[in-house]
Amino acid sequence: MRIAFTKMHGVGNDFVVFDAAAADALLEPQRLRALADRRTGIGFDQALVLMPARRPEAAVFYRVFNCDGDEVEQCGNGARCIAALLHARGLTRQGALLLDSPSGPIAARIGPGGEVSVDMGVPDFDPRALPFEAAQEADPYTLEVAGRTLEIGAVSLGNPHAVLRVESIVSAPVATLGPAIERHPRFPRRVNAGFLEIVSHDAVRLRVHERGAGETRSCGTGACAAVAIGRRRGLLGPQVRVGVQGGELRVNWQGPGEHIWLSGAAAVSFEGQLEV
């Protein structure tokens, strides 16, 4: 049987998108890992599965699977790519639509030049939301990792994030500390580990070791998490440019209790079919 797919990327964070009718045969972790292989498969950071909407106002319900085969709660760049794809299919109204996901509804809009923005909700700093084992909410938290004592911020954007401020993302030990933070026992469901370099009040640089995917060229919810942590500490303004390996994202957040918006480019790389 041949199954159609669309390969997309949001600022270098790449996805394969399947419609639900074709996806059932593909969702076993072993098969997803094989498809994610960049030498022998399609290659992707996450697989996105489009399903019928579960609420009348939504255009679609989507599921997210990391390249290790595990299903996860949310993906900011993935949501932006889905919005761009549905816009190309004529499913937006005046450039806007509502998506639904395991972590709740996501409003999306397509701007001039095709830039895609998504409302990632209200950042949740309650450690139980990640979950993260802590006696009470704090910032920063201390975390013992690989013989070092780190100071991290922790926040949920529908998925869990730990953010470590560094002097330079170039020299940051992402390859070693990233996996160690991801699998730290205080994060029972694992965590995405962000390494944040603050350049100015409205610009940062970021690298993210994603849970189940390793370091990616861009992480949308990671960008939101980094800005939320930095702004909450009084280090960043309400509009921040986030430089990542794949390009640039923009995050707008007025502050605690407000919704956070993620914006950037999203594009179709190619379409294809695979045999199952």
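The model is predicted, with local features requiring pLDDT of at least 70 and side-chain atom pairs pLDDT 80 or more, while totals for chains, interfaces and linings use all residues. Residues are numbered from 1 along each chain as its sequence is written, and side-chain values use heavy atoms, without hydrogens and water.

The chain contains five helices and 18 strands (DSSP runs, H or I of at least four residues for helices and E of at least two for strands, numbered from the N terminus). Its radius of gyration, taken over C-alpha atoms, is 18 Å, close to the 19 Å from the globule rule (2.2 Å times the number of residues to the power 0.38), so the chain is as compact as a globular protein of 276 residues. Of these 276 residues, 55% are buried (under 20% relative accessible area, 1.4 Å probe, protein chains only).

Strand E11 comprises residues 160–165; five of its six residues are buried, so the strand is largely enclosed by the rest of the structure. E11 pairs with strand E10 (residues 148–156) in the antiparallel sense over five bridges, where pairing requires at least two DSSP bridges between the strands. Within this pair, Val 155 has His 161 as its bridge partner. Three residues separate E10 and E11 in a hairpin, and Gly 158 in the turn has a positive phi of about 90°. E11 also pairs with strand E12 (residues 192–200), in the parallel sense and over five bridges; here Val 163 stands opposite Gly 194 of E12.

Technical notes: Buried < 20%, exposed > 50% of the residue type's maximum accessible area, 1.4 Å probe, protein only.
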